[in-house]
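Here is a short briefing for a reader new to this structure. Look over the chains first, then read the points below.

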Amino acid sequence: MSKLNNGQEQPKIGVYVCHCGGNISDHVDVAKVVEQAGGLANVTVARDNSFMCSDPGQELIIEDIKSGKVNRIVVASCAPALHETTFRGAIARAGLNPYLYEHANIREQVSWVHHGPGATGKAGALVAAAVGKAGELEALEPIRVQAEAHATVLGGGVAGMSAARDLAAQGLKVALVEKSPFLGGQVAQLDKTFPSNEAAGELLSALASQVLGDERITVYTCAELSEYSGYVGSFKLKIRRTPPTGEALERLAMAKDAAAGEFVPFVGVAAGPVPGEAEEVALVSGAMVLATGFEHYTPAVGEYGYGQMQEVITLPELIRLMADEKATGGQLMVNGKPIANVALIHCVGSRQIPGIHPPGPDGKLNQHCSRVCCTATLQAACELREKFPETNVFEMYRDIRTYGRGHEEYYLNAGRSGVIFARYEPEAPPVVTQGGEDSALTVTVPDKLLAGEELAIGVDLVVLAVGMEPRDNQALVEKMKLPVGADRFLLEVHPKLRPVELPAAGIYLAGACQAPMDTSEAVGAAGAAAAKAGAILSAGFVELDPFVAEVDETKCVGSGACVQACLADEAIEMTETPDGQRARVNPALCMGCGVCVAACEQGAIELSGWTLGQYEAMVDAIVAQALGQGA
Amino acid sequence: MPNGDTQKFDSLVLGGGIAGLAAALDLADAGYRVAVVEQDATIGGKMIRLSKVFPTLDCASCITTPKMAAAAHHPNVTLFTMCRLEDAQRVDGQVRARVTQMPRYVDPAKCIGCRQCEYECPVMVPDQEQGGFTARKAIYIPFSNAIPQLALIDREHCMMCGKCSQVCPTGAVDQLQTEQEFIIEADTMVLSTGFELMEDFPQRAYGSPGLGDNVISSLQMERLLAPHGPYMRALRPGDGKEPESIAFIQCAGSRDLQLGKPYCSRVCCMYAIKQAMLLSGALPLADLTIYYMDIRAFGKNYEQFYNNAKAMGVEFVKAKPIIAGNNPGGSVVLRYEDQEGGSGAVSREHDLVVLSLAMLPAFAPEEIVPVSAASDGFITVPQPKLAPTLTEMEGVFTCGAAAGPKDIVDSIAEAGAAAMGAAKYLAAQRGGQAA
Amino acid sequence: MAEFPFLEVNEAIRLYGGEDLNACMQCGLCASVCPWREVESPFFARQMIRMGQLGLEGYESDDVLFGCTTCNKCVINCPREVDIIGIMRAMRSMVSEAGIRPETLKAASGSCHANGNPWSGKREDRMAWAKGITVPTYGPDTEYLLFVCCTSCYDQRSQNIARSLVKLLDAAGVSYGVIGPEESCCGESMRKSGDEELFQKMAQSNVELFNREGVKKIITTSPHCLKTFVSEYPELGGNYEVVHSSQLLSHLMADGKLELKGKDGRKVAFHDPCYLGRHSNVFSEPRELLQSAGAEVVPMAREEKFSLCCGGGGGRVWMETPQEQRFSVLRVREAAQAGAEVLATSCPYCISLLEDSRKTEGLEDTLEVLEVSELLARDLA
Amino acid sequence: MQAEQRKEALKRLKQERKEAIKANAATAKQQKKDLGRIKERLAQGPATPLEVAQDLGMPPKEALWYLAAMRKYGMVMEAAKSGDYFTYELVPQDPAAC
Amino acid sequence: MDACVAKYPILILATEDCSYPGANSVGQAHQNYPDNTYIIRTPTPALFPEKFYLDCFDKGVGGIIIMSCGVECPYEGAYPALAKRVDGIYALMKQRGLDIRRLRLTAICTVCNRAFIKEVNLMNQVVAELGAPGSEARAA
């Protein structure tokens, strides 16, 4: 038996028409369709069968291929979604390239929707179209890209550490790149986490010990991504470490005695020596996980009195105050002064509304909900009431959003422990003024729970539940050309279909750089990202769909129209050849949309598996059949 | 599946909804062999039954079908539909699961999904896939995008007239099928058993003994909104009127200690807003009102979605109304206190009322899998921070609504985390190397 | 601007028995399920609780502060399981202590102080209901104390309830006896309407009396006495096995001790008294009794947990309610709509109010209002 | 299993399920009757579910249920709107007629 | 059914992810539509250049319906590119005297049965009314 040359020899097309046990043959004259098909160009075999999907049906095809009668296959039967893979499988088993196959849908799109002679005519036309395309088919092979068994994680908070841990557990080498001298990110600013009440420090210590103790993970602190190029399987990166300055030095001073792996409250987990001078490391990574985290909203000066009245603080500041205050019972003491009443104001720097809230210094509003602050605030309120029963707590909220498992209990317990709530509208927020009957400040607010009755509460402390906002990542965004949403967080491809992926293959999102999330959610997201990265790197190569753009250099004139049209970054590049500039596709970056095909006036670029020539052959066949018979 | 047969996989995923499929695909893509065990006749879970999904408003079917097809065609995934897990224990390091294949009374190897039997069958049964608002037959394929596309007989309603056998082109009907038990052995397991809506809410309904024909559940509303729904447009089920006024009652069963459901069901605010938006597109003149306690638009782009709904004219009323009765014309009377305006008692009529019912776990692990249900009834995750998807059973993970109410985005993200947990467990078993 | 809220008031309400005050999340379901939504009324439980949370005054108008009939519908529905009745009671106690109390209630409490009953009846007349019949006196060998509600002691219409019950108990051979003049009102309506001190006084006196007499088991004619003895007397040292007459009669029937002719044959609707139904979860017994008497029990629009209060609880039986705000009017209409010839119930307060509304609604000739014992006694074999 | 044996087993199964089969057959019979009546009604012209219900003395909810099912199985189709209701009409026997 | 079957074939370019399964769903429901409609699968219609459409009309295709995924398009940015291209094709059609109603850009999802049939019938009416592609130019 001659070796099949997979699409290189003259087409010999086999057409197989299915009766589908009457589902097709009751309305379509199968014999007539077979007869017509037999007369089409390149068709060497035309047969029918009651059930092409059955083993005997598939055997027909396999026999014809093996005996050399056919080298391209057309099956006319039900919708391709049901059996295209069945028939491709049969062809592959016969030793032929499975892409030398075309499917004609004559059940869902013919016999079930048309009756009478028109049905047979249309079936014939669809078979002719499939034969036309089959004549133009080429063998395709999946594209393989070598993949480095190494991943780089940017960000050393809980999400980054979890991602690094999970990547390493799959046998990959990992570089964990953290800007500050410490691991732990924003979670280090917490005391207890909700809803399990686990101490943030213990959580971080556990995670950091897994990361620091894993020889597959290299931690780079005081480090940033300085150079970035390449694509999935082979990102070429440079990591630059610089001696710490400014705030980092203050934090280092607070942790000067801490050994590597040790948690220092409100600072982070010490992670070994810091660089004395700038140094740069070059890496080749197969995949990247971005876990660059978030920042707390900083209230504007004068927003609820912040920055003007020393009794107005943020929630992270309160958490720290409470952690520092070892005494319990009676009232909370702040700067030696007892706090009789405290007001907690929700939604500061979240759920902002154009026209009501003034934009920040960058001109931006935080229209998003920050997701975690309701529960965090209630947790703080409960703790206040528990530790300092003589401190009265007032919460001013818009909607209480204790959505998560175990979160609603904080709301219930806050009420039961005597926290008094007031509901405000964004148009009429609480107003903080200096002085009161026997208090430092007065908070006035129209209470929506009492038809707008004005409350005027004398308090000694106002706590602003500040929201989460995206970290200023401008440099990284520009360097890696990362997509950013209207909310300024990094933007995934699709929240449901590809929730942790970016359009560029091999780059994944983890944690609050994508959207506000709590600790569990960030750890979960990191796991999801690590699972995706692990899946593509585990085999040592990345297998990509063959349906990508391909340039015919003999037709290309180097106009660059395809490069301009291309929707993916750097998927097509112009390269110098002895004949001048020519376009070249990087299959690892091409997403297969074909926009370049439409843009090329020379017809020099085509989408493999879906070429214009194939479509034209289909149209020609349809028009010939339709007008030949129907006219 | 012959009785008593044993099949080996790397991982067993219990539940073929969106969370289970996402976890299965992640594991399969990493090279692990996965068995998906689904009790229903089709995979796809609740999501394939939805109309459009928030906050992107894309068509649920268009997002779910590719995942279903990917799982069905993946060389590393084997689907077991109509299969019930009897029990699963770790035996000699392996999760050993006893599974019962329930009879379809149709031979899956022969059925070609042509539905000739369904057209011929003389018995009409309320089609639960369409909220009960239309009929299916006693032999049927669940719906057009079900996977697998195989018929099954609803034995309870079948009159054994034999018409289906007569028309079946492949002789697939087999009334003599019986339950078959077999064993699946796997290193790890993922519990993605999803949720059900609270069913007994109508029995209390805050003061009204009966609810009437025009009070429906949120999943029923999904069917009314789906383009391939029972009426192919949004009509009220009591008499087919095109509703001019539709109300949503939030927290219908959720956040309620009295009902033993103190938790927030987490998705209802968003889907009510979404349904209201879709209705405002389908019925531009209709009044749409959402009665709520707190609007919980907490996810990415959710608050913006909520603001869009307000801008579109959806009315939000902070109140917990009661269903006071039905008017002879079919409208539903709601009664509540106007809290924000302070104008006292309000009585309002709506053509159609949707209850945003509480989400309950669909699976009780007791005596089946040695993991516990927490006080909320959902599967316990003892280390919510460091291993958010790990259950109390070694190498067994959970994701999606099985581990507490969750929307699709969060379910899929969690499925990734569960797949990661399972993959790590497998890698550790195999000495630190992935498949 | 004056500072507000007043946390002192908030704290006081909690001390007076409204412990759950701050647990309320203001969902407003209580205001929606409240029977006052059936008529025009300014009473909204949620709003009152909110005012209480903030310590705001302004709720002392009679029809708001003394609006709650303590029907328990809000409590059994409250998503936070807040003891709303406790909060209402606490608020009333506070203002009552300050002397703010509706005049009609003052009359009832005055009588309680003076006579141990709210009916301005003399203590020595407490057994007036038994005039002409023989009723055993409670003694060491008696099994049950029969505790007749003050209303059935003094109100002429209501006396027939006690007389009917006695007939039934005699027929069934139950060992029971009465104490009579030394008894005081159970105190329920005084406590709910805010006179806590008076409640304590009467309840303690009863507990002392019962304990002195060696009472172990009590039959009550009123579900209000039942609920109070069961739930509130134990903390004062009174621990008894308490049954409502309908419960006991139902047991007697089941044990074959009570024989009826089963000849009533009329269409009877049963109105669930709040304190028997929603408060004490007794739903099936009275209906079964009616059936045994041969009645055809016809369903009303609202039954059992969904039943509509007659309007007499929470001390409102002593207060004047304008015609258009009476729930009992709605209730007799519902009974008529259900095609009932008899509206049966099992509470002296309900009987009083339903009787009254039957008349004002012109249903005197078509609808009879009867206590279950009355209907049964007529059907005795 | 041999054909004879299968036949026997099927017979036994039918015997076992006798009660259910009887009940389901009765339901199917009623449904057939109702469908027939609805078709007769629609043969006189399109009607809303409410009109069908009134004319045939069945609850509107049930009329709508039948119409939805008939539509699903290709017997009726939606026609013009009448007030707040859509009318339904029989699908013509030869849809391709032009 | 009021739409008569037009003489000239109608080409439907349907996306693999959305509208092609949508057309199958119409088949599963056994709903009828005119049989001069030929549905061709494509990953995205954004790959067809202007010339492809004009050639089709030259060859005798009476009408073309592009059934895209619309905003659900899995290729980020491809739908806007397609919409822009279609505007360009309209301009070229006008230049050649082709009635632009012969080309429709729509979004059809996997379960949009009703919309699918509506579009097909609509195009049929247009093609039946206009006759042979290009005849409108000659008439003018």
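The points below cover an interface, its salt bridges, a helix and a loop residue. This is a predicted model. Chain B and chain A bury about 5,400 Å² between them. Over all chains, the structure holds 99 salt bridges.

**The interface of chains A and B**

- On this interface, 68 residues of chain B are in contact with 72 residues of chain A.
- Carbon and sulfur atoms give 54% of the buried area.
- Helices H1, H2, H7 (302-311) and H8 (408-429) of chain B each give two or more residues to the side that touches chain A.
- H8(B) supplies the largest share, 11 residues.
- By class, this side of chain B has 35 nonpolar, 17 polar and 16 charged residues.

**Salt bridges between chains**

- The interface of chain B and chain A has 11 salt bridges.
- One of them pairs B:Glu303 with A:Arg351, with the closest N and O atoms 2.8 Å apart.
- Both of these residues belong to a network of salt bridges with shared partners, together with A:Asp399, A:Arg401, A:Arg423 and B:Glu340.
- B:Asp26 and A:Lys532 also meet in a salt bridge, at 2.7 Å from N to O. B:Asp26 lies in helix H1 of chain B and A:Lys532 in helix H13 (residues 519-537) of chain A, so the pair joins two chains. Both residues are buried.
- D:Glu78 forms a salt bridge with E:Arg114, at 3.7 Å between the closest N and O atoms. D:Glu78 is in strand S1 of chain D and E:Arg114 in helix H4 of chain E, so this pair too joins two chains. D:Glu78 counts as buried at 18% relative accessibility, while E:Arg114 counts as partly exposed at 31%.

**A salt bridge within chain C**

- C:Glu303 pairs with C:Arg287, the closest N and O atoms being 3.4 Å apart. The pair ties together parts that are 16 residues apart in sequence.
- C:Glu303 and C:Arg287 are both buried.

**Helix H2 of chain B**

- H2(B) covers residues 60-73 and reaches 20 Å from its first C-alpha to its last.
- Its buried residues include B:Cys62, B:Ile63, B:Met68 and B:Ala71.
- Among the elements covering them are helix H1 (18-29) and strand S5 (77-80) of chain B.

**A buried loop residue**

- A:Thr221 sits in the loop between strands S9 (217-220) and S10 (223-231) of chain A.
- A:Thr221 is buried, with a relative accessible area of 1%.
- Beyond its neighbours within four places in sequence, A:Thr221 has contacts including A:Glu178, A:Phe182 and A:Arg241.

Conventions: Residues are numbered from 1 along each chain as its sequence is written. Chains are lettered from A and ligands numbered from 1 in the order in which they are written. This is a predicted model: local features need pLDDT of at least 70, side-chain atom pairs count only at pLDDT 80 or more; totals for chains, interfaces and linings use all residues. Side-chain values use heavy atoms; hydrogens and water are left out. Helices (H or I, at least four residues) and strands (E, at least two) are DSSP runs, numbered from the N terminus. The expected span of a helix is 1.5 Å times one less than its number of residues. Buried means under 20% relative accessible area, exposed over 50%, partly exposed in between (1.4 Å probe, protein chains only). Contact means heavy atoms within 4.5 Å. Buried area is the accessible area (1.4 Å probe) that two parts lose on being put together, summed over both. A salt bridge is a side-chain nitrogen of Lys or Arg within 4 Å of a carboxyl oxygen of Asp or Glu. Ala, Val, Leu, Ile, Met, Phe, Trp, Tyr, Cys and Pro count as nonpolar, Asp, Glu, Lys and Arg as charged, and the others, Gly among them, as polar.
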